[in-house]
Amino acid sequence: MNQRTDSGLLAPGQGAPAATPSVLHTTGLKYPDSVAHLIARSLQRHGIEVLFGQSLPTMLHLACEELGLKQVAYRTENAGGYMADAHARLTRRPSVVTAQNGPAATLLVAPLAEALKVSIPLIALVQDVGRAETDRNAFQDFDHMALFSSCAKWVRRVTEASRVEDYIDQAFAAACSGRPGPVVLMLPADLLVEPAPPARRVSKLGHFPLDRTVAAPDAVALAAELLARARNPLVIAGGGVHISGAHDVLAALQEAAHLPVATTVMGKGSVDETHPLSLGVVGYFMGPNGATRHLRPLVEEADVVLLVGNRTNQNGTDSWKLYPRDAHYIHIDTDGLEVGRNYEALRLVGDARETLLALGAALAEVSLAAREAARPALEQRIAFGKQAHRSESEVHRTSAASPIRPERVMQELDGLLTPGSVVVSDASYSSIWTSNYLTCRQAGARFLTPRGMAGLGWGFPMALGAKVARPGAEVFCVAGDGGFGHVWSELETATRMGLKVTLILLNNGILGFQKHAENLKYGTHTSAVDFAPVDHAAIARACGCAGVRVTDPAELAPALLAARAESRTTLIEVLCDPDAYPPITFYTPA
Ligand SMILES: Cc1ncc(C[n+]2csc(CCOP(=O)(O)OP(=O)(O)O)c2C)c(N)n1
Ligand SMILES: [Mg+2]
């Protein structure tokens, strides 16, 4: 006799086990050649090999898996979108992320917003309610067109099987042409199971920039004249150099035209930072111990500034105070709206690579005698400035103190980097430490960070996406404890998907940037900024990763080497000094 509880229900664990209805067992795919199969084949036609997803839209993933496309299964849509972002940044091909309608779709807003800001082509394929269920409060129905309108370049819903190929190709064209960016295509669930119409399209649109344009020749010739005749020219390269794949052209121009080059955070890696004409990263962190602090006069004294793929945003320009007011600006950007946004400029609207090639050709036609003559003294100034930073920061870079100085962590990591390494930093202090204390030793090396929006937490999923893009590369991630709290669950993703990265967790026990900035601005901070102690290394081990905690700086190098030898993701939790802050200029204006 089964015991009933007071409520009349069977008590837990009682009663005969219910047999699983046979319909809940696998019986074979019911829709053999569906619209979803046509989409999968279209994705393959454009060169897509992986989708970042979590089983939805289900029919699409079933078709994709049947056709050999790989699903990299995320734990949260936020993280999946950032994985796709990093994957696109490194492959220089658009990446596909998928999600269900409703709440899952809303979680794509953060990664799409990042991609929109920094011009990364993401293709979000989002399930929608059945066509006959639209606007009748169907389960998880929502106004997705309005939801995505602020964070995507292009949002459409396809409703006819005969138009599916047209819309897929429009999605790729929208994402990859002009200024690249994220797009969303809504796919009603019932449409996906309809029989596939015949395929008609053959083009391959899965790369960016899809259509390279070049600035007008007269503007290019004028730019060459200005640079050749300048007293103190300076190039400030942004993330657009990477998007355009222009680093080799920029590096050649730097050398041939004797041009000093600084970068933004997103542009780090566009030139070799050990080149005698490279300044490093300039922006809002040029206070004491900042890598480019002693090079600030070179920026301020510039009379001709060449901006390449540089949005002249607040952090990059130190709130528009760093770049010289009276200089002549030459601005290369594929988006004419960015040119002259903050600095009136000679407009070189075009793809960075094509336009730099044209500029290089134009510079070969003019005399570079002034540039060549200025080079030795310029190189000496740059070398002095870099040396002054090295001397100034030595005490922190070699500190044996515990809790550990982040500069010491960076020093150990910098020693391990090769040109093929990929370093991903979370927002907040992590991206400032890496920008200042890690060295790009070859043009084209990649340092990724979600700094378009500076959304906290996305470094670790970006590192996983980077590893999918470059399985052979050593991928490091530097993240703070606050940021990492957004994405602990993706440790399980790393294990399940067999993705090995080395995560260096700077655990200072606080929302550092938040707390310090509050103290500075308001004299005190709110109660939200201090954490309870967390054993992150144990969380990593619980998810099948390796996890170690480092409290003594002498253990850093062995921990990094052990992580290198591991086949799994390793989380190295470094107990860091909560009073260590990076060289943000507004913290230390002197
Ligand atoms: C999604 C998101 N939430 C909040 C913020 C605001 N924010 C910027 S930095 C920061 C603190 C970061 O703390 P942590 O990740 O531990 O890094 P730390 O500064 O301590 O090195 C916060 C809350 C943000 N940028 N993004
Ligand atoms: Mg912290």
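**Reading the model feature by feature**

Analyst: The model is predicted. We may begin with the ligand: 19 residues surround ligand 1, the closest being L456, G480, G482, G483 and G512.

User: Which helices each supply at least two residues of the shell around ligand 1?

Analyst: They are α16 (429–437), α18 (481–484) and α20 (512–522).

User: How should I read the packing of α1 against α7, and at roughly what angle do their axes cross?

Analyst: Two packed helices are described by the angle between their axes and by the distance between those axes. Here, the axes of α1 (residues 35–45) and α7 (residues 164–176) come within 10 Å and cross at roughly 35°. The crossing of α1 and α7 is right-handed. From α1 the contact draws on V35, L38, I39 and S42, and from α7 on V164, E165 and I168. Five of the contact residues are nonpolar, one is polar and one is charged. An α-helix has 3.6 residues a turn, so residues three or four places apart point the same way.

User: What is the strand order of the open sheet of six strands?

Analyst: The order is β9-β8-β7-β10-β11-β12, with parallel pairing. β9 (278–281) and β12 (345–349) are at the edges with a single partner strand each, so one side of each has no neighbour in the sheet. On average, neighbouring strands of this sheet are turned by 15° against each other, direction ignored. As an example of the pairing, β10 (residues 304–308) and β11 (residues 328–333) are joined in the parallel sense over five bridges, and V305 stands opposite Y329 in β11.

User: Which helix lies across β7, β10, β11 and β12?

Analyst: That is α9 (residues 217–229), which runs at about 130° to β12.

User: Which residues of α11 are buried, and what covers them?

Analyst: In α11 (residues 247–256), the buried residues are H247, V249, L250, A251, L253 and Q254. Their cover includes β7, α10 (240–244), β8 (261–263), β10 and α13 (352–363).

User: How many residues of strand β4 are buried?

Analyst: Seven of the seven residues of β4 (residues 122–128) are buried, so this strand is largely enclosed by the rest of the structure. Both of its faces are covered, with L122, A124, V126 and D128 on one side and I123, L125 and Q127 on the other. β4 runs parallel to β3 (residues 95–99), to which five bridges join it; V97 has A124 as its bridge partner in β4. With β6 (residues 183–188), β4 pairs in the parallel sense over six bridges, and the bridge partner of D128 in β6 is P188.

User: What should I look for in the backbone angles?

Analyst: Most residues other than glycine have a negative phi, and most peptide bonds are trans. In this model, the peptide bond from F208 to P209 is cis, with omega near -5°, and P209 is in the loop between α8 (189–192) and α9. Another cis peptide bond joins S402 and P403, with omega about 0°.

User: Are R92 and S428, each with a positive phi, buried or partly exposed?

Analyst: R92, with phi near 55°, has 17 C-beta neighbours inside 10 Å and therefore counts as partly exposed. S428, with phi near 65°, is buried, with 22 other C-beta atoms within 10 Å. R92 is in the loop between α3 (77–91) and β3, whereas S428 is in the loop between β13 (422–425) and α16.

Key:
Residues are numbered from 1 along each chain as its sequence is written. Chains are lettered from A and ligands numbered from 1 in the order in which they are written. This is a predicted model: local features need pLDDT of at least 70, side-chain atom pairs count only at pLDDT 80 or more; totals for chains, interfaces and linings use all residues. A residue is near a molecule or strand if its C-beta atom, placed from the backbone, lies within 6 Å of it. Helices (H or I, at least four residues) and strands (E, at least two) are DSSP runs, numbered from the N terminus. Axes are lines fitted to C-alpha atoms, for helices over the stretch in contact, and angles run from 0 to 180 degrees between N-to-C directions. A crossing is left-handed if the near helix is turned anticlockwise from the far one by less than a right angle, and right-handed if clockwise. Two residues are in contact if their C-beta atoms, placed from the backbone, lie within 7 Å. Ala, Val, Leu, Ile, Met, Phe, Trp, Tyr, Cys and Pro count as nonpolar, Asp, Glu, Lys and Arg as charged, and the others, Gly among them, as polar. Two strands pair if DSSP finds at least two bridges between them. A residue is buried if 20 or more other C-beta atoms lie within 10 Å of its own, exposed if 12 or fewer, and partly exposed in between; C-beta atoms are placed from the backbone.
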